[in-house]
Amino acid sequence: MLLAGDLTQHGEVDEARVLAEACRGLSIPVIAVLGNHDWQSDRTGDLARTLGEAGMVVLERAHTILPIKGVSVGIAAVKGFVGGFDYGWANFGEPLFREAYSETTRDVEALERGLRAIAGCGLRIALLHYSPSADTLQGEPERLWLVLGAERLAGPIREHRPHLVLSMKSTRCHWPSWSSPSATGIDSPAEPRSIDMQWEWPLPNAMSSSQMFSVRRSQSSWA
Ligand SMILES: [Fe+2]
């Protein structure tokens with residue numbers, strides 16, 4: 001199970017305990033990144049510890065490789081950060097603005113490192129909270145795109161081409177479609193609110209994204 005952040009509303013440990021108890025004892029691995037909500041109380045370490053004690057794995061600028069039914073599943077995970085698209089946040093001006101740009105840079109670099117580390121895996125997944133593509137933000141007020149994702153996050157994805165890219169912002173999942181890449185190199189379904197993915201085992205050795213997953217769109221929302 002992959003959780004793309006905002007695991008809590010206000011980043012409080014009591015909220016994390018609810019999720020921890022829901023996931024405790026599951027027979028499948030639970031991999032998560034934190035979202036901006038999870039930073040609200042400045043207790044991310046406590047959140048990760050609480051979730052970890054229940055068996056969840058919280059990744060931040062990190063990767064993991066899971067052997068699942070004979071397939072090495074690599075997950076490179078970063079929360080990501082703001083920056084926008086096209087006319088994005090510039091590395092210019094006041095220190096706070098330049099620091100925000102640098103924070104996104106650190107995520108971009110970590111995502112690149114993570115994807116490189118899982119390059120040999122049979123299934124490679126990029127897991128983010130903030131969106132690396134404006135394609136999945138369609139329908140959101142355009143004035144908010146600056147703080148919903150960053151085009152720069154798509155750089156490592158274009159370079160390493162993971163089989164699957166998941167991000168939470170705007171409650172959409174998206175995945176690469178290399179046959180007809182969009183301007184950002186990442187295509188997305190037209191109007192997903194959520195996607196339930198049913199993994200098919202065993203995975204074939206040579207996989208395309210369409211072969212890997214049986215994807216079922218659902219009206220149930222993660223929002
Ligand atoms: Fe969020």
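**Starting point.** I am working from a predicted model.

**Helix 2.** I looked up which residues of helix 2 (residues 44–53) are buried. I found Leu47, Ala48, Thr50 and Leu51. They lie on the same side of helix 2, because they cover an arc of only 160° around the axis.

Next I asked what the buried residues of helix 2 pack against. The partners are helix 1 (13–23), strand 2 (31–33) and strand 3 (57–58).

**Helix 3.** I checked the span of helix 3, which runs over residues 95–117 and has 23 residues. From first C-alpha to last it reaches 32 Å, close to the 33 Å expected at 1.5 Å a residue. I listed its buried residues: Tyr101, Thr104, Asp107, Val108, Ala110, Leu111, Gly114 and Leu115. Their cover includes strand 4 (62–68), strand 5 (71–78), strand 6 (123–128) and helix 4 (154–160).

**Core.** I looked up the largest nonpolar core and counted 46 residues in it. Val33, Ala126 and Leu127 have the most contacts inside this core. Leaving aside residues up to four places away in sequence, Leu127 touches Leu2, Ala4, Ile31, Val33, Ile75, Ala77 and Leu166. In soluble globular proteins, nonpolar side chains tend to be buried together.

Note on methods: Residues are numbered from 1 along each chain as its sequence is written. This is a predicted model: local features need pLDDT of at least 70, side-chain atom pairs count only at pLDDT 80 or more; totals for chains, interfaces and linings use all residues. Helices (H or I, at least four residues) and strands (E, at least two) are DSSP runs, numbered from the N terminus. The expected span of a helix is 1.5 Å times one less than its number of residues. A residue is buried if 20 or more other C-beta atoms lie within 10 Å of its own, exposed if 12 or fewer, and partly exposed in between; C-beta atoms are placed from the backbone. Two residues are in contact if their C-beta atoms, placed from the backbone, lie within 7 Å. A nonpolar core is a set of buried Ala, Val, Leu, Ile, Met, Phe, Trp, Tyr and Cys residues joined through C-beta atoms within 7 Å. The arc is that of the directions from the helix axis to the C-beta atoms.
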